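This report describes a protein chain for a reader who is new to structural analysis. Please examine the sequence and the structure before reading on.

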Amino acid sequence: MIRLTLLALGITLFALPTLAQPRFSCVGAEKLEDDVFSIAFPRGSAVIPEAARSPLAAAIEAALAEPDRNICILGHAGQEGGATTSIQLSAQRARAVTNAMAERGIVAERLRSEARSAQFSPSVRAAEPPSRTVTIVLMPPP
C-alpha cells in the first residue's frame, strides 16, 4: 500500500533523501579531562547567561587555535521536569551553545551537539552528570 501511494505521488525511493552519518562520535567525551569547558544555565532556561560569556569565549579561543579538533557539546538538565522535558531542555541548551560557537567562526562540521540525560542511561546516572550545564569538549586530534 505504501509503495502504491509513493508511486501514485510520483515519488521513487531513489528520490528520498538519505540521512548523513556523523563524521565523529562523542562517545566517551564526558570522561575526558583536558580541554573541557562548562557553561552553567539558570533553571528551566536554554538562554546562555551573561555569566557564561567568559567560559564560552575560552572554549571558542581554544577551538579556533586548534582547527583539526572536533568539538562535542553535551547538554545536561537535571530534574527540571519529566524525562521528556529534561531531554528537550538539554538539547536546546546544547543547540544554543553550538549556534553561539558557529556564529563566532567555528566551522559547523566540527561541532556535534548532544542532549544527555541521566533518566535514559544507567551508567550516566551513576556518574551524576552536572545538571543545568553544557559541557564543551575539544576531542583529541585525529
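## Contacts, a disulfide and a buried arginine

In the protein chain, 81% of the contacts with a separation of 6 or more are between residues 24 or more positions apart; contact means heavy atoms within 4.5 Å. This is a predicted model, in which local features need pLDDT of at least 70 and side-chain atom pairs count only at pLDDT 80 or more, while totals for chains, interfaces and linings use all residues. Residues are numbered from 1 along each chain as its sequence is written, and side-chain values use heavy atoms, with hydrogens and water left out.

From the N terminus, the elements follow the order α-β-α-β-α-β-α-β, with 4 helices and 4 strands in total. Helices (H or I, at least four residues) and strands (E, at least two) are DSSP runs, numbered from the N terminus.

The chain has 1 disulfide, a term for a pair of cysteine sulfur atoms within 2.5 Å. Cys 26 and Cys 72 form this link, with their sulfur atoms 2.1 Å apart. Cys 26 lies in the loop between helix H1 (2–8) and strand S1 (36–40), whereas Cys 72 belongs to strand S2, 46 residues apart.

Three residues discussed here are listed below with their burial; buried means under 20% relative accessible area, exposed over 50%, partly exposed in between (1.4 Å probe, protein chains only).

| Residue | Relative accessible area | Class |
|---|---|---|
| Cys 26 | 0% | buried |
| Cys 72 | 0% | buried |
| Arg 69 | 6% | buried |

Arg 69 is located in the loop between helix H2 (53–65) and strand S2 (71–76). Beyond its neighbours within four places in sequence, Arg 69 has contacts that include Asp 35, Arg 110 and Leu 138.
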